[in-house]
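Trainee: New model on my screen. Walk me through it, please.

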Amino acid sequence: MDDDAGAGPRRASRGRGTPAHRTTADVTPTSSDALSLPTDTPGTRILISAAVETMSEKGFNGTSVRDIADRAGMSPAVLYHYFGSKHDLLVAIMHRTIDHLIERCAAVLADAPPDPALRLRRLVREHVLVHTELRREAVLGVGEMHSIERRERALLIAKRDRHERMFHRVVNDGAASGAFGTPYPSEAVRGILTMATGVSVWFREDGPLTAAEIADRFAHLALALVQADPAVTFPLPRRS
């Protein structure tokens, strides 16, 4: 017997894949909006935002499909219309995050002057700014890499290596030209990236420093780490 028998007239169907409750108008803009693609449907954007929120709170293994669907205001069945699995959703978040980071960093280098110190400063600043804007996504990208299946993990690592090569090229060029005095360019890059990526863990919008101020300070520290000429390390403005 139909479970709805005697329950009165049915409501009009929303159509397959239509969110049950939330719409893009219901969703407060989040950092994940930066990861949206022009081809995304409203449901895709809502689910990515809900997954970032939920997984950043509970972790990938601690988050169920129902948790994400509930946060999105959808049924679990509707989630599967957009993504094949919870794993596929995490993979999409990770790819979009690293793609966004690469695009932003490549853009600042594209119009940067040839001076290695200026190029490194711009690169570090942009890396830090992205990690203050996409804090939860960045933490997922580092902390949940082990949850990604081997094939997709290899693709993500290849993108991460592509991003790191931007830093290696700039620092190696500076070391070769004498602009940087460090005898350890590879280790300097690892230190810079570890330091600059870590802001995603502790940065807060209501903290004592703005994202731009932190980006400036970390760029200054990076130039010190590679032993750039002190004349071009761009003294920071004093805070009153």
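**Loop, helices and contacts**

Trainee: Where does arginine 204 lie?

Mentor: Arginine 204 is in the loop between H9 and H10. Helices here are DSSP runs of H or I with at least four residues, strands are E runs of at least two, and both are numbered from the N terminus. Bear in mind that this is a predicted model: local features need pLDDT of at least 70, side-chain atom pairs count only at pLDDT 80 or more, and totals for chains, interfaces and linings use all residues. Residues are numbered from 1 along each chain as its sequence is written, and side-chain values use heavy atoms, with hydrogens and water left out.

Trainee: Is arginine 204 buried, partly exposed or exposed?

Mentor: Arginine 204 counts as partly exposed because its relative accessible area is 43%. Buried means under 20% relative accessible area, exposed means over 50%, and partly exposed is in between, using a 1.4 Å probe and protein chains only.

Trainee: And how far apart are the C-alpha atoms of arginine 204 and threonine 132?

Mentor: They are 8.0 Å apart. Along the chain, arginine 204 and threonine 132 are separated by 72 residues.

Trainee: Back up a bit. Which helix holds serine 200?

Mentor: Serine 200 belongs to helix H9. Its relative accessible area is 6%, so serine 200 is buried.

Trainee: What does serine 200 touch?

Mentor: His131, Arg135, Ala138 and Val139, once residues up to four places away in sequence are left out. Contact means heavy atoms within 4.5 Å.

Trainee: Which residues of H6 are buried?

Mentor: Arg135, Glu137, Ala138 and Leu140. Note Arg135 and Ala138, which are also on the contact list of serine 200.

Trainee: What do the buried residues of H6 pack against?

Mentor: Four helices are named: H1 (42-58), H4, H5 and H9 (199-202).

Trainee: Let's move to H5 and H8. At what angle do the axes cross?

Mentor: Roughly 35°, and the axes of H5 and H8 come within 9 Å. The axes are lines fitted to C-alpha atoms, for helices over the stretch in contact, and the angles run from 0 to 180 degrees between N-to-C directions.

Trainee: Which residues in H5 and H8 meet?

Mentor: On the H5 side, Leu120, Val124, His127, Val128 and His131. On the H8 side, Ile192, Leu193, Ala196 and Thr197. His131 also touches serine 200.

Trainee: Which helix has valine 170?

Mentor: Helix H7. Valine 170 is buried because its relative accessible area is 5%.

Trainee: What does valine 170 touch?

Mentor: Leu109, Pro116, Arg119, Leu120, Leu123 and Phe180, again not counting residues up to four places away in sequence. Leu120 turns up in the H5 contact with H8 too. Proline 185 is 15 residues from valine 170 in sequence and 9.7 Å away in space, C-alpha to C-alpha.

Trainee: New topic. What does UniProt list for residues 64-83?

Mentor: The record, an unreviewed entry, lists them as "DNA-binding region". UniProt positions are in the numbering used here, feature names are shortened, and annotations may be inferred rather than shown by experiment. In the model, residues 64-83 are 75% helix and 0% strand, with the end C-alpha atoms 14 Å apart.

Trainee: Where is threonine 44, and what is it in contact with?

Mentor: Threonine 44 sits in helix H1. It counts as buried, since its relative accessibility is 10%. Leaving aside neighbours within four places in sequence, threonine 44 is in contact with Tyr82, Phe83 and Arg96.

Trainee: What is phi of glutamine 227?

Mentor: Near 60°, a positive value in a residue other than glycine. Most residues other than glycine have a negative phi. Glutamine 227 lies in the segment after helix H10 (211-225). At 45% relative accessibility, glutamine 227 counts as partly exposed.

Trainee: Last one. How many helices and strands in the protein chain?

Mentor: There are 10 helices and 0 strands. Of the chain's 240 residues, 45% count as buried. Among contacts between residues at least 6 apart in sequence, 69% join residues at least 24 apart.
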